[in-house]
Amino acid sequence: MLLYEKNNHIGVLTINRPEALNAINSELLHRLHDMAKELSADTSLRCLILTGAGKAFVAGADIAEMRNLSKAEAVEFAQLGHGAFEALESLPFPVIAAVNGYALGGGCELSLCADIRIASERARFGQPEVGLGITPGFGGNPRLIRTLNRADAMELVFTGRVINADEALRMGLVSRVVPAERLMDEAMALAGAIAANAPIAVRAAKAALHSRYTRFLRDDLDKESELFGSCFETADQRMAMTAFVEKQPKSEFIGE
Ligand code: CAA
């Protein structure tokens, strides 16, 4: 589910579940958390690139796994995601997300744990959760509101609209858009520029830049998992997720 390579102080971590567009299930969350702990202890690493295998970066949390969760299980699922994503976000060196395709729901949220996002022109971003009867649950709410301007963050979450790479650039969600075939070369060049600098200074800069960003983040994540859980076992959540899994059209939402 995860591929990892390291060369010249730069790691490349690839989410590798292409048959499900790299959708994140609990097993993958456990592996990501373990991998983040391992990477965190590697003092020779100066930068990490995070990407996805195949046509998606990550198409979200695994809807088939979430479909029948109880409220309490959904809170636990969000907490598992928060733990793994926080471990990645707090790696002591810079992380670049090289977004190669769909970054939806948990995928957009995973990209938000990176310090820098660069997008292939084929990348697509969005938080489609409200169309599945739930809220974003892997930190998308607090991280989007910290990353984008308020109107863009609210619009993305409330509409569930999927945006292309150019719109993501306009919103400041990504810092550059590159041709698909150049994505990994560009990410590697950026990582190389970072890795050529003094490693102690770069790690110190990351800690300084994160200080404000992560202040109160834990409180916001706790609130998010509670609210995420509150959407489960509703008729709307069950209907919308069943429709996705069974490839059927959704019925109208009824607010129950
Ligand atoms: N969960 C589980 N399986 C998924 C998945 C997901 N999020 N996204 C894609 N897949 C699976 C599909 O079920 C399909 O499996 P089968 O081949 O076994 O049928 C396979 O991946 C390929 O997907 P599609 O056939 O749907 O591919 P497509 O190119 O026609 O469409 C897509 C691509 C538009 C991204 C579509 O797959 C899609 O809409 N995916 C769901 C996106 C989404 O809603 N993400 C948010 C999830 S909720 C979340 O993330 C909550 C959270 O914050 C914690």
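Q: Helices (H or I, at least four residues) and strands (E, at least two) are DSSP runs, numbered from the N terminus; which helix gives the largest share of the lining of the largest cavity?
A: Helix H9 does, with three residues. This is a predicted model, in which local features need pLDDT of at least 70 and side-chain atom pairs count only at pLDDT 80 or more, while totals for chains, interfaces and linings use all residues. Residues are numbered from 1 along each chain as its sequence is written, and side-chain values use heavy atoms, without hydrogens and water.

Q: Which helices supply at least two residues each?
A: Helix H8 (183–195) and helix H9 (199–213) do. Among the lining residues are Ile194, Ala195, Pro199, Val202 and Arg203, along with Leu45 and Phe93 (a cavity is a set of points on a 1 Å grid over the protein atoms alone where a 1.4 Å probe fits but cannot get out, and lining residues have an atom within 4 Å of a point).

Q: How much space lies in it?
A: The largest cavity holds about 50 Å³.

Q: What is the lining made of, by class?
A: Six of its residues are nonpolar, one is polar and two are charged.

Q: Turning to the ligand, which residues come nearest?
A: Of the 25 residues around the ligand (a heavy atom within 4 Å), the nearest are Lys55, Gly106, Glu109, Glu129 and Lys247.

Q: What about Lys247?
A: One of its polar side-chain atoms is 2.7 Å from an oxygen atom of the ligand.

Notes. A polar contact is a pair of N or O atoms within 3.5 Å; within protein, one must be able to donate a hydrogen and the other to accept it, and residues adjacent in sequence count only if both atoms are side-chain atoms. On a 1 Å grid over the protein atoms alone, a cavity is a set of points where a 1.4 Å probe fits but cannot get out, and a pocket is an open set with protein on both sides within 12 Å along at least five of seven lines; lining residues have an atom within 4 Å of a point. Grid points are joined across faces, edges and corners, and a volume is the space filled by probe spheres set on the points. Ala, Val, Leu, Ile, Met, Phe, Trp, Tyr, Cys and Pro count as nonpolar, Asp, Glu, Lys and Arg as charged, and the others, Gly among them, as polar.
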